Amino acid sequence: MKPNCQSLVRNLLAFVVACASCAGSHLANASDRYVIDSTHTYSIFEYMHWGLSVQQGRFDKNSGSIEFDEEKRVGKVDLLIDANSVSTGSSLFDTALRSASFFETDVYPSIQFKSENFLFDDANKVIAIEGDLTIKGTRKKVRFELTHFHCRFMPLYFKTACGANGYAKILRSEFGLGRYAPFVSDEVTLRFAIEAIKE
């Protein structure tokens, strides 16, 4: 084989090895992706109403995805909440919450939580998720404590699914939602129930 041909073959082999290495690295870093099941996912907010009782509202339309690799202890969450889907049991109150006094949904139709940090305990159990919560254009770091997180094969879907419940406390005034505080509590507890199905 001529020297220039040998050099060409060596370069080609090196290129193939480099590509295989990159592909292996990509596969090693890949996490399973799960698409949020909107029929089993909802978001709840709780607040004290004039010192009388803890009231609840919820958002019925949620979408997004979860990426999770239990072995590598990494995960991501991208949850998109339709602010127009707010539901309190009162159409009058729902309309007020959609107005400029609160969520201003004609300008800010979505609420988003994005996380790239899953926190695990010593038993490799997911105990919290940290990320950015964006409401009315204001983004702040929020930590959701998990009361439950589990993945399993679901015969109904013939696929693996993951589910979780969690909560966080925020000050609504920090997101431009401070109307009637402190008579209606500034501190709000956000809760979620989420299920996602593996792609």
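Reader: Before we look at any pair, what counts as a salt bridge here?

Author: A salt bridge is a side-chain nitrogen of Lys or Arg within 4 Å of a carboxyl oxygen of Asp or Glu. In this model, which is predicted, K141 and D132 make such a pair, with 3.1 Å from N to O. K141 is exposed, at 70% relative accessibility.

Reader: How many salt bridges does a search of the whole structure find?

Author: The search finds 10 of them. One is between D32 and K198, whose closest N and O atoms are 3.7 Å apart. That pair ties together distant parts of the chain, since D32 sits in strand β1 and K198 in strand β11, 166 residues apart.

Reader: Is D32 buried, partly exposed or exposed?

Author: D32 has a relative accessible area of 34%, so it is partly exposed. K198 is also partly exposed, with a value of 28%.

Reader: Where is F183 found, and what is it in contact with?

Author: F183 is in the loop between β10 and β11. Leaving aside neighbours within four places in sequence, F183 is in contact with M48, H49, W50 and G51. Although F183 and G51 are 132 residues apart along the chain, their C-alpha atoms are separated by 7.4 Å.

Reader: And which value does phi take at R73?

Author: For R73, phi is near 60°, a positive value in a residue other than glycine. R73 lies in the loop between β4 and β5 and counts as partly exposed at 36% relative accessibility. K136 has a positive phi too, of about 50°. This residue is in the loop between β8 and β9. K136 has a relative accessible area of 14%, so it is buried.

Reader: Now for pockets. What is the volume of the largest pocket, and which residues lie nearest its centre?

Author: The largest pocket has a volume of about 590 Å³. Its lining has 36 residues, with F45, F59, F103, V188 and L190 nearest the centre. By class, that lining holds 30 nonpolar, three polar and three charged residues. The elements that each supply at least two lining residues include β2, α2 and β9.

Reader: How does the second largest pocket read in that scheme?

Author: The second largest pocket holds about 220 Å³ of space. It is lined by 17 residues, and C162, G163, A164, I194 and E195 are the closest to its centre. β9, β10 and β11 each supply at least two residues of this lining. The lining has 10 nonpolar, five polar and two charged residues.

Key. Residues numbered from 1 in each chain as written. Predicted model: local features only at pLDDT ≥ 70, side-chain atom pairs only at ≥ 80, totals over all residues. Heavy atoms only, no water. Helix = DSSP H or I, 4+ residues; strand = E, 2+ residues; numbered from the N terminus. Contact = heavy atoms within 4.5 Å. Buried < 20%, exposed > 50% of the residue type's maximum accessible area, 1.4 Å probe, protein only. 1 Å grid on protein atoms, 1.4 Å probe; cavity = no way out; pocket = protein on both sides within 12 Å on 5 of 7 lines; lining within 4 Å. Points joined across faces, edges and corners; volume = space filled by probe spheres on them. Nonpolar A, V, L, I, M, F, W, Y, C, P; charged D, E, K, R; others polar.
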